Amino acid sequence: MKDRIENLLNEINALTADVPEELERLRLKYLSKKGLVSVLFDEFRNIPADQKKEIGQLLNQLKNATLEKIEILKSSFTITEETADQGIDLSRPVAHMEPGTRHPLSIVRNEIIRIFAQIGYTVAEGPEIEDDWHNFSALNFPPEHPARDMQDTFFIAKDPAILLRTHTSSVQIRTMETEKPPIRKIFPGRVFRNEAISARAHCIFHQVEGLYVDRNVSFMDLKQTLLYFAREMFGESTEIRLRPSFFPFTEPSGELDVSCNICGGKGCNICKYTGWVEILGCGMVDPAVLENCGIDSNIYTGFAFGMGIERITLLKYQVKDLRLFFENDLRFLKQFTGTI
Ligand code: DAH
């Protein structure tokens, strides 16, 4: 009897169970009415009286050891089940995490901000919902100017006119109304125009406006600032060309071309075989605009420029279709790894 108890004890101490069902099978095997441990208890009746004390103690030890073993095996399951319930399994390998990349338009916007910050420009923003004064009137747009037309502008209310700003030039006005020269700022932001969506146009796009107002600001300062910008953005060997143009809020006005960074000026389909691509509009702030904002145009002069971030990004990364910027297709976005 003693040997059988000892063998059974060894057997029980060595038990393992991988799943709760297996543990239940073991419990029945040893502790059910006909179980191996219970059977020994049944036989206890036949033990001679002089051995009863010793064997009884051994049997009790065996029973306790069996109960304890089953508890231990059980607790190992409950711990993993509980932690799994909470979604925590510290032994699991870490799930592969895909680090995001910045959107190409953000990369280029931040690059423009960095380039102008180096020459003392700070960043300001204005509202996307504007009134007629800040988007048009203060910028010298005549009352019947076609840009005010329903076809271009998303109006929210007619009288007084409230609209989605069609350009970031509106932030020039807000800045000059509240600040005194010297002013040296850029204004990045979203703009809206009622245009059919195509590879070259979208009804929502992004601009960066620049403004410098101080005593003795000349066209020469404008040209030199734009040359600096073009070379920082497109490379040191970039050349610029200014063509006369017209905007209601600048006089004189110009459009800036840069030498095509794709073909190096030799001619390709991006520059339509001219060797030049247009990147922005600019000019000397019209004295009437300064006066509209309470700045004395006899003392101060200034220049302004405005560029489309999409356009700069298309050129910089040779993207053929502007719609790609708005579709958020990861296969497209993952190709941009700029960190700023
Ligand atoms: N606001 C113009 C546009 O949206 C861009 C522009 C042109 C801004 C000339 C300027 C400027 O500041 O001087 O097309």
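The chain splits into two domains: domain 1 covers 2-85, and domain 2 covers 104-336. The centres of domain 1 and domain 2, taken over C-alpha atoms, are 83 Å apart. Keep in mind that this model is predicted.

Where does the ligand sit? The space it takes is the largest pocket.

How many residues surround the ligand? The number is 15. The closest are His167, Ser169, Arg193, Gln207 and Glu209. Sorted by class, the shell holds 8 polar, 5 nonpolar and 2 charged residues.

Some of these contacts can be listed by distance. Each row pairs an oxygen atom of the ligand with a polar atom of the protein.

| Residue | Protein atom | Distance to a ligand oxygen atom |
|---|---|---|
| Glu209 | N or O atom in the side chain | 2.5 Å |
| Gln207 | polar side-chain atom | 2.9 Å |
| Ala304 | polar backbone atom | 3.2 Å |

Glu209 and Gln207 use side-chain atoms here. Ala304 uses a backbone atom.

How much of the ligand's accessible area does the protein cover? On its own, the ligand has 350 Å² of accessible area. The protein covers 89% of that.

Conventions: Residues numbered from 1 in each chain as written. Predicted model: local features only at pLDDT ≥ 70, side-chain atom pairs only at ≥ 80, totals over all residues. Heavy atoms only, no water. Near = heavy atom within 4 Å. Polar contact = N/O pair within 3.5 Å; in protein donor to acceptor, adjacent residues only side chain to side chain. Areas by Shrake-Rupley, 256 points an atom, 1.4 Å probe, with all protein chains shown as cover. 1 Å grid on protein atoms, 1.4 Å probe; cavity = no way out; pocket = protein on both sides within 12 Å on 5 of 7 lines; lining within 4 Å. Sits in = over half its atoms within 2 Å of the grid points. Nonpolar A, V, L, I, M, F, W, Y, C, P; charged D, E, K, R; others polar. Domains from an automatic or database assignment.
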